[in-house]
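Subject: Structure handover and notes

Hi,

Here is the structure for you to pick up. My notes follow below it.

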Amino acid sequence: MTPRQDGRPIFMVLADQIADDILQGNYPVDSAVPSTNELAAFYRINPATAGKALGRLVDQGVLERRRGIGTFVAADGPDILRAQRQEAFHEDFIRPAVAEARRLGLTLDDMVALIRKDSP
């Protein structure tokens, strides 16, 4: 079972799945994440691919390697992920929405009212 692919390299998709699990609380701060070999066996992928996914999250400061015992969620790992995702949300959705609102002549109050229509 390979990670769901969306045209991106498998290691990136896997890294995002692990990040999703961290944000959902499946891997709390200071908990171990599956090892390279566990991920490779579970997803039936090359261990180098699984290692690259973990390495990506280590490089971002989300995970930390503890010599001889495994890879763990860093203390500020969830905060780093939230900040990254908020920035991506801003770039992918908010910035284009604001540009379209300007073209339509909407005010900030108009935009807030539209957002509230879909809020619980």
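Two strands pair if DSSP finds at least two bridges between them. Helices (H or I, at least four residues) and strands (E, at least two) are DSSP runs, numbered from the N terminus. This is a predicted model: local features need pLDDT of at least 70, side-chain atom pairs count only at pLDDT 80 or more, and totals for chains, interfaces and linings use all residues. Residues are numbered from 1 along each chain as its sequence is written, and side-chain values use heavy atoms, with hydrogens and water left out.

**The hairpin**

Strand 1 (residues 63-66) and strand 2 run antiparallel, joined by four bridges. Opposite Arg66 stands Gly70 in strand 2. Three residues lie between the strands of this hairpin, and Gly68 takes a positive phi near 85° there.

Thr71 sits in strand 2 (residues 70-73). Is Thr71 buried or exposed? Its relative accessibility is 12%, so Thr71 counts as buried. The cut-offs are under 20% relative accessible area for buried, over 50% for exposed, and partly exposed in between (1.4 Å probe, protein chains only). Contact means heavy atoms within 4.5 Å. Leaving aside neighbours within four places in sequence, Thr71 is in contact with Ser31, Ala32, Val33, Val58, Leu63, Glu64 and Arg65.

Asp30 has a positive phi, near 75°, and is a residue other than glycine. Asp30 is in the loop between helix 1 and helix 2 (36-43). With 46% relative accessibility, Asp30 counts as partly exposed.

Arg44 is also a residue other than glycine with a positive phi, here near 55°. Arg44 lies in the loop between helix 2 and helix 3. At 71% relative accessibility, Arg44 counts as exposed.

**Domains**

The domain assignment gives domain 1 (10-75) and domain 2 (78-118). Such bounds come from an automatic or database domain assignment. The C-alpha centres of domain 1 and domain 2 lie 30 Å apart. Their contact takes 12 residues from domain 1 and six residues from domain 2.

**Pockets**

The search ran on a 1 Å grid over the protein atoms alone. A pocket is an open set of points with protein on both sides within 12 Å along at least five of seven lines, and lining residues have an atom within 4 Å of a point. Grid points are joined across faces, edges and corners, and a volume is the space filled by probe spheres set on the points.

The largest pocket holds about 280 Å³ of space. Its lining has 14 residues, with Ile94, Ala97, Val98, Met111 and Ile115 nearest the centre. Helix 4 (77-104) and helix 5 (108-117) each supply at least two of the lining residues. Helix 4 gives the most, with eight residues. By class, the lining has 13 nonpolar, no polar and one charged residues. Ala, Val, Leu, Ile, Met, Phe, Trp, Tyr, Cys and Pro count as nonpolar, Asp, Glu, Lys and Arg as charged, and the others, Gly among them, as polar.

The second largest pocket holds about 180 Å³. Where does the second largest pocket lie? Domain 1 and domain 2 both give residues to its lining, so the second largest pocket lies between them. Helix 1 (10-23), helix 3 (47-59) and helix 4 each supply at least two residues of that lining. Among the lining residues are Arg8, Asp16, Arg56 and Arg85.

Best wishes

How values were computed:
On a 1 Å grid over the protein atoms alone, a cavity is a set of points where a 1.4 Å probe fits but cannot get out, and a pocket is an open set with protein on both sides within 12 Å along at least five of seven lines; lining residues have an atom within 4 Å of a point.
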